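Look through the sequence and the model below before reading on.

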Amino acid sequence: RGELEEISKRNPENVEARYQIAYLAFVDKKFKESEEIFRKINQSNPDDLRSTVGVVEALSAQNRHADAIELMKQQLARKPDRDEAKVILAGLYVRSE
């Protein structure tokens, strides 16, 4: 993880390194940290489904299902034909019950 953080510091535009850091934080159950990193990625490209799903999963892991659902609804409002996003939203509804 340290090496990824160094790469990210040297080259802040290296989104892949930031994805990996966020994923490692999630695996380490540092869900708030993971959410924050994924959010920063998502803010620079709101239509990026990968970062949106990262935020959604981190929110769900924090039992913030309503926030996760709202974020996916926003994603679908921007891109209503995205079947992947529809499936993810359906899964969120199932997990929130």
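## Phe38 and its neighbours

Not counting residues up to four places away in sequence, Phe38 touches Tyr19, Ala22, Tyr23, Ser51, Gly54 and Val55. Contact here means heavy atoms within 4.5 Å.

The model is predicted, and residues are numbered from 1 along each chain as its sequence is written. Local features need pLDDT of at least 70, side-chain atom pairs count only at pLDDT 80 or more, and totals for chains, interfaces and linings use all residues, while side-chain values use heavy atoms, with hydrogens and water left out.

## The nonpolar core

Phe38 is also one of the residues with the most contacts inside the largest nonpolar core, together with Val56, Met72 and Leu92; this core has 18 residues. A nonpolar core is a set of buried Ala, Val, Leu, Ile, Met, Phe, Trp, Tyr and Cys residues joined through side-chain atoms within 4.5 Å. Buried means under 20% relative accessible area, exposed means over 50%, and partly exposed lies in between (1.4 Å probe, protein chains only).

Two or more residues of this core come from each of α2 (15-27), α3 (31-44), α4, α5 (65-78) and α6 (83-96). The largest share, 5 residues, comes from α5. Helices (H or I, at least four residues) and strands (E, at least two) are DSSP runs, numbered from the N terminus.

## How α3 packs on α4

The axes of α3 and α4 are 8 Å apart, and the two helices pack at an angle of about 155 degrees. Axes are lines fitted to C-alpha atoms, for helices over the stretch in contact, and angles run from 0 to 180 degrees between N-to-C directions. α3 and α4 are therefore roughly antiparallel to each other. Angles over 145 degrees count as roughly antiparallel, under 35 as roughly parallel, 65 to 115 as roughly perpendicular, and the rest as oblique.

On the α3 side, the contact includes Phe31, Phe38 and Asn42, and on the α4 side it includes Ser51, Thr52 and Leu59. The crossing of α3 and α4 is left-handed. A crossing is left-handed if the near helix is turned anticlockwise from the far one by less than a right angle, and right-handed if clockwise.

## How α2 packs on α4

At what angle do the axes of α2 and α4 cross? They cross at roughly 15 degrees and come within 11 Å. α2 and α4 are therefore roughly parallel to each other, and their crossing is left-handed. Glu16, Tyr19, Gln20 and Phe26 in α2 meet Arg50, Ser51, Glu57, Ala58 and Ala61 in α4.

Thr52 is in helix α4, which covers residues 49-61. Thr52 counts as buried because its relative accessibility is 1%. Its side chain makes a polar contact with the side chain of Gln75 at 2.8 Å, and the side chain of Thr52 also reaches the backbone oxygen of Asp48 at 3.0 Å. A polar contact is a pair of N or O atoms within 3.5 Å; within protein, one must be able to donate a hydrogen and the other to accept it, and residues adjacent in sequence count only if both atoms are side-chain atoms.

Asn42 is in helix α3 and, at 11% relative accessibility, counts as buried. Asn42 and Thr52 are 10 residues apart along the chain, and their C-alpha atoms are separated by 6.2 Å.

## Leu59

Leu59 and Phe31 are 28 residues apart in sequence and 7.5 Å apart in space, C-alpha to C-alpha.
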